[in-house]
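Work through the following exercises with the sequence and the model side by side. Each task is followed by a solution that goes step by step.

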Amino acid sequence: MQYYFKQYLFFFVILFITFKSEAQLKDTAKWKALFAVGVNYPTTDGFVKGSYAQSLNFPTVNLGIQHMLKRQYGIKLDLGFNRFKNDDETPEFKINYTRVNAQFVYDPTDLIGILPMRLRTVAHAGPGVSFVKPLGTLGDNKQTFMNLLGGLEFNYAINEKVSVYTDVSYIYGLTSLDNYNPALNGLGAFNGSVFNLTFGLAVSLSGCEYCN
């Protein structure tokens with residue numbers, strides 16, 4: 001009898017801990033700080049004819065702050081920095097690509113319903129401004145233009161305060177290149193789209209709170 005009692009007691013303790021942990025992880029921090037690093041790919045059609053960047057460039061750095069208005073949706077303001085470098089088959093250049101975006105954030109995890117408790121998906125999209133500055137003697141070919149960004153995150157909660165996440169984003173440039181003639185005069189100019197793949201941390205700034 002004592003043996004079965006211990007088994008039942010152990011079972012209910014584990015059950016209690018599981019439900020308590022799940023309740024904590026379902027709490028959404030209203031405010032989060034986001035930091036991520038990764039790589040980028042700038043599309044070849046964004047450069048003047050005869051030049052393009054490497055297929056994979058490092059670094060990409062994203063910094064952001066996120067506020068959840070409800071459990072399922074919120075807003076985010078973030079700053080992104082990318083560095084491009086010329087491919088081996090084109091003239092030499094390096095470009096700093098910086099962007100600022102205001103985004104709408106939506107978490108469809110509860111609707112999906114099949115993901116593990118600690119794993120969440122977050123879709124985000126919104127407008128922004130891109131600043132492109134070639135380095136060295138090519139500084140006159142800098143550009144400023146509007147962009148549209150869309151992306152998808154996969155978040156894994158380490159605990160109720162900290163999550164690790166992967167983000168895949170696409171940044172579409174809303175402009176066209178100036179007519180550089182010859183093309184060499186526009187070396188380092190860029191107005192195209194950028195794919196980003198980053199890995200980072202999301203840290204609660206407000207503790208665990210229900211957003212509803």
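**Exercise 1: strand pairing**

In β2, the residue that bridges to Lys-32 is Gln-66. The model is predicted, so that local features need pLDDT of at least 70 and side-chain atom pairs count only at pLDDT 80 or more, while totals for chains, interfaces and linings use all residues. Residues are numbered from 1 along each chain as its sequence is written, and side-chain values use heavy atoms, with hydrogens and water left out.

Task: starting from this pair, state how many bridges join β1 to β2, and follow the pairing onward to β3.

Solution. Strands are DSSP runs of E with at least two residues, helices are runs of H or I with at least four, and both are numbered from the N terminus; two strands pair if DSSP finds at least two bridges between them. Strand β1 (residues 31–42) and strand β2 (residues 57–68) run antiparallel and are joined by 9 bridges. Next, 9 bridges join β2 to the antiparallel strand β3 (residues 73–85), where Asp-78 stands opposite Gly-64, and a hairpin of 4 residues connects β2 to β3. Finally, the order β1-β2-β3-β4-β5-β6-β7-β8 makes a closed barrel of 8 strands with antiparallel pairing.

**Exercise 2: salt bridges**

Task: find the residues linked with Asp-110 in a network of salt bridges, and classify Arg-71, Asp-110 and Arg-120 as buried, partly exposed or exposed.

Solution. A salt bridge requires a side-chain nitrogen of Lys or Arg within 4 Å of a carboxyl oxygen of Asp or Glu. Arg-71 meets this criterion with Asp-110, their closest N and O atoms being 3.2 Å apart; Arg-71 sits in the loop between β2 and β3, and Asp-110 in helix α2 (residues 109–112), 39 residues apart. Asp-110 also forms a salt bridge with Arg-120 (3.3 Å, N to O), a residue of strand β5. The network comprises Arg-71, Asp-107, Asp-110 and Arg-120.

For the classification, buried means under 20% relative accessible area, exposed over 50%, and partly exposed in between (1.4 Å probe, protein chains only). Arg-71 is buried because its relative accessible area is 11%, and Arg-120 is buried at 16%, whereas Asp-110, at 42%, is partly exposed.

**Exercise 3: a pair between strands**

Task: state which parts the salt bridge of Glu-153 and Lys-76 ties together.

Solution. The two side chains meet at 3.2 Å, N to O. Glu-153 lies in strand β6 (residues 143–157) and Lys-76 in strand β3, so the pair ties together parts 77 residues apart in sequence. Glu-153 is buried at 3% relative accessible area, and Lys-76 is buried at 7%.
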